[in-house]
Amino acid sequence: MDMYEDFEEIRVKDVYVIDAYSDPTPVVLLENEKGNMLPIYIGHLEALSIGNVLKSVSPPRPMAHDLMVNVFDRLGIKIEAVMIDDKVDKVYYARLLVREGHNLMQFDARPSDCIALALRVGAPIRIRRKVLENSEIEMSRLEGARVMNIFV
């Protein structure tokens, strides 16, 4: 059985800030090729990291995700893919797939960290179809959201 069989590729549309619970909260918005949207609430540092890549901003010093990519490169480890597997009690679960030689390894990780890493190396981001179907939203639910613009 192909490990990608019940997954589809998804892309990062952008990072937004919405007023959730009267507090500005970053959201990474994912979109599949049909235009179905999936918001994942993330932390401010992860939003900054993802936003930097999307806006092609290079901070003067490497951020944590930049450091990880640099370490992987030096050790000959390739980020193969991100797999967003599940959602339990409003929490998304993901795996980072990395390859060293012929050895494929999987690590449990937060989707936001996986996305930040995948964007830096051009690795695919995949989501289990049932997770997307159970979580997709109408764009009208993000009314009032604004693209984070603290990056430039």
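1. Glu9 touches Asn32, Pro124, Ile125 and Arg126, leaving out residues up to four places away in sequence. This is a predicted model, and the points below should be read with that in mind. Glu9 itself is found in strand β1, which covers residues 7-20.

2. One of these contacts can also be described by distance. Glu9 and Pro124 are 115 residues apart in sequence, yet their C-alpha atoms are 6.7 Å apart in space.

3. Which residues touch the most other members of the largest nonpolar core? They are Leu30 and Ile84, in a core of 30 residues. Helix α3 (residues 111-121) gives the largest share of this core, with 5 residues. In soluble globular proteins, nonpolar side chains tend to be buried together.

4. Ile84 deserves a separate look.

5. Where does Asp89 lie? Asp89 is in the loop between β4 (77-88) and β5 (91-100). Its phi is near 50°, a positive value in a residue other than glycine. Asp89 has a relative accessible area of 71%, and because the cut-off for exposed is over 50%, Asp89 counts as exposed.

6. Lys90 lies in the loop between β4 and β5 as well. Lys90 is not glycine either, and its phi is positive, near 70°. Is Lys90 buried or exposed? Lys90 is exposed, with a relative accessible area of 72%.

Key:
Residues are numbered from 1 along each chain as its sequence is written. This is a predicted model: local features need pLDDT of at least 70, side-chain atom pairs count only at pLDDT 80 or more; totals for chains, interfaces and linings use all residues. Side-chain values use heavy atoms; hydrogens and water are left out. A nonpolar core is a set of buried Ala, Val, Leu, Ile, Met, Phe, Trp, Tyr and Cys residues joined through side-chain atoms within 4.5 Å. Buried means under 20% relative accessible area, exposed over 50%, partly exposed in between (1.4 Å probe, protein chains only). Helices (H or I, at least four residues) and strands (E, at least two) are DSSP runs, numbered from the N terminus. Contact means heavy atoms within 4.5 Å.
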